[in-house]
Amino acid sequence: MSATTVLFTLAENPPARMDKALALNVPLDASLSRSRLMRLLADGAVQVNGAVVTDPRAKPVEGDAVEILVEIADDYHVLPEDIPLDVVFEDDDLIVINKPTGMVVHPAPGTPGGTLVNALLHHCGDALSGVGGEKRPGIVHRIDKETSGLLVVAKTDRAHHGLAAQFEAHTVERHYRAICYGVPDSNDPRVRGIKGASFDPGNILKLQTQLARHKHDRQKQAVVWHNGRHAVTRARIVQPLGNPAVAAVMDCWLETGRTHQIRVHMTHAGHGLIGDPTYGGRRKLSEKAVGEAGRIAAYTFPRQALHAATLGFQHPVSKEMLRFEAPMPADMIRLIAALGGVEG
């Protein structure tokens, strides 16, 4: 057996019991059910603020630092694979990758190979932080399989801890390009009437809610108002698409970084992402507005139209401020063109 450590912090207004608080706050990609968490509690594998907790009825407190030691059956080993990487930046402590769509970040039972981690093991050799464990060495944050764009990976433990602290403090700059249905404008009374939605000066849409696992589908996130994790997304229109406008290129940026945050928030505002199979749905755009080719391009777009375009952070060792940009991928450029726009 091998083991990995899951680290996270309890969000505001946690449930009254520790087992429920853990189930609500544990990262989705840890794949820990409530029943598994109960066993881990009983086995003494859960530490809260450095102290072992075994009582599921213990009272959780907002901000509690949780560390869970999870044993993993050695049913497979993560092997280096010679997969091409688009390296944007690299030094002795970290590497920044422009991840293509379709690539999973780290191995999981259903995806043991072909992941970014497999490629990194080949590219970096043994020079990856071990903090994430065998299956997730160096991984500080992640983006979804079908989302393209920038990702920073730690090569040393000191870089891992330094980057993780910045993500925890929400000081990392992350801007995404998205293509959504409709045009979220401050003059639209429908959007202004949505709970959690408001507009900052400059026609900047602000979405402020809590997010938690969907009640009936643990692979999805949902907007909630109690016992969730605080989430704030801002978005501004880059370019309306269609005549009249029936879609838009958006610049979305994160104040927090929750699972599926932009996808869930934009759907909550009534402006789901084109191609999103989980949240956006399949809407038929007006042929009059975008032409037959545009209507078909939007309806058949195979993934969520989302790209991690900008990543900025302080180098955890040199303390230099770094900022990287990744150009829009070809499939999103083609979609924009089909809808009558030009990405600028």
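Guide: Before we start, helices (H or I, at least four residues) and strands (E, at least two) are DSSP runs, numbered from the N terminus. This is a predicted model, in which local features need pLDDT of at least 70 and side-chain atom pairs count only at pLDDT 80 or more, while totals for chains, interfaces and linings use all residues. Residues are numbered from 1 along each chain as its sequence is written, and side-chain values use heavy atoms, with hydrogens and water left out.

Visitor: OK, then where is His307 found?

Guide: His307 is found in strand β14, which covers residues 306-314.

Visitor: And is His307 buried or exposed?

Guide: His307 is buried, since its relative accessible area is 1%, and buried here means under 20% relative accessible area, with exposed over 50% and partly exposed in between, using a 1.4 Å probe and protein chains only.

Visitor: What does the side chain of His307 reach?

Guide: The side chain of His307 comes to 3.0 Å from the backbone oxygen of Ala326. That is a polar contact, a pair of N or O atoms within 3.5 Å, where within protein one must be able to donate a hydrogen and the other to accept it, and residues adjacent in sequence count only if both atoms are side-chain atoms. If we leave aside neighbours within four places in sequence, the residues in contact with His307 include Asn98, His175, Tyr176, Pro327 and Met332, where contact means heavy atoms within 4.5 Å.

Visitor: Let's zoom out. How many helices and strands are in the protein?

Guide: The protein has eight helices and 15 strands. Its radius of gyration is 21 Å, close to the 20 Å that the globule rule gives for 344 residues, so the protein is as compact as a globular protein of that length. The radius is taken over C-alpha atoms, and the rule is 2.2 Å times the number of residues to the power 0.38. Buried residues make up 50% of the 344 residues.

Visitor: Which domains is the protein divided into?

Guide: There is domain 1 (3-71), domain 2 (87-169) and domain 3 (174-312), with bounds that come from an automatic or database domain assignment. The C-alpha centres of domain 1 and domain 2 lie 24 Å apart, and the contact takes five residues from domain 1 and six residues from domain 2.

Visitor: Which residues touch the most other members in the largest nonpolar core?

Guide: Of its 36 residues, those are Leu120, Tyr176, Met250, Cys252 and Met266. A nonpolar core is a set of buried Ala, Val, Leu, Ile, Met, Phe, Trp, Tyr and Cys residues joined through side-chain atoms within 4.5 Å. Helix α3 (residues 116-124) gives the most to this core, with five residues. Domain 2 and domain 3 both give residues to the core, so it lies between them. There is also a second, separate core of 20 residues, among them Leu10, Leu22, Leu32 and Val46.

Visitor: Is α3 mostly covered or uncovered?

Guide: Helix α3 is mostly covered, with seven of its nine residues buried, and what covers them includes β5 (87-90), β6 (94-99) and β7 (148-154). At the start of α3, a side-chain oxygen of Thr115 reaches to within 3.3 Å of the backbone nitrogen of Val117, and the helix is followed by Gly125, whose phi is positive, near 65 degrees.

Visitor: How many bridges join β9 to β10?

Guide: Four bridges join β9 to β10 (residues 204-213), and the two run antiparallel; strands pair if DSSP finds at least two bridges between them. Asp200 has Ile204 in β10 as its bridge partner, and in the hairpin of these two strands, with three residues between them, Gly202 takes a positive phi near 90 degrees.

Visitor: And what about β10 and β12?

Guide: Those two pair in the antiparallel sense over seven bridges, with β12 covering residues 229-241, and Leu211 stands opposite Arg229 in β12. Strand β12 also pairs with β13 (residues 247-254), again antiparallel, over eight bridges, where Arg234 stands opposite Trp253. The β12 and β13 hairpin has five residues between the strands, and Gly242 in the turn has a positive phi of about 100 degrees.
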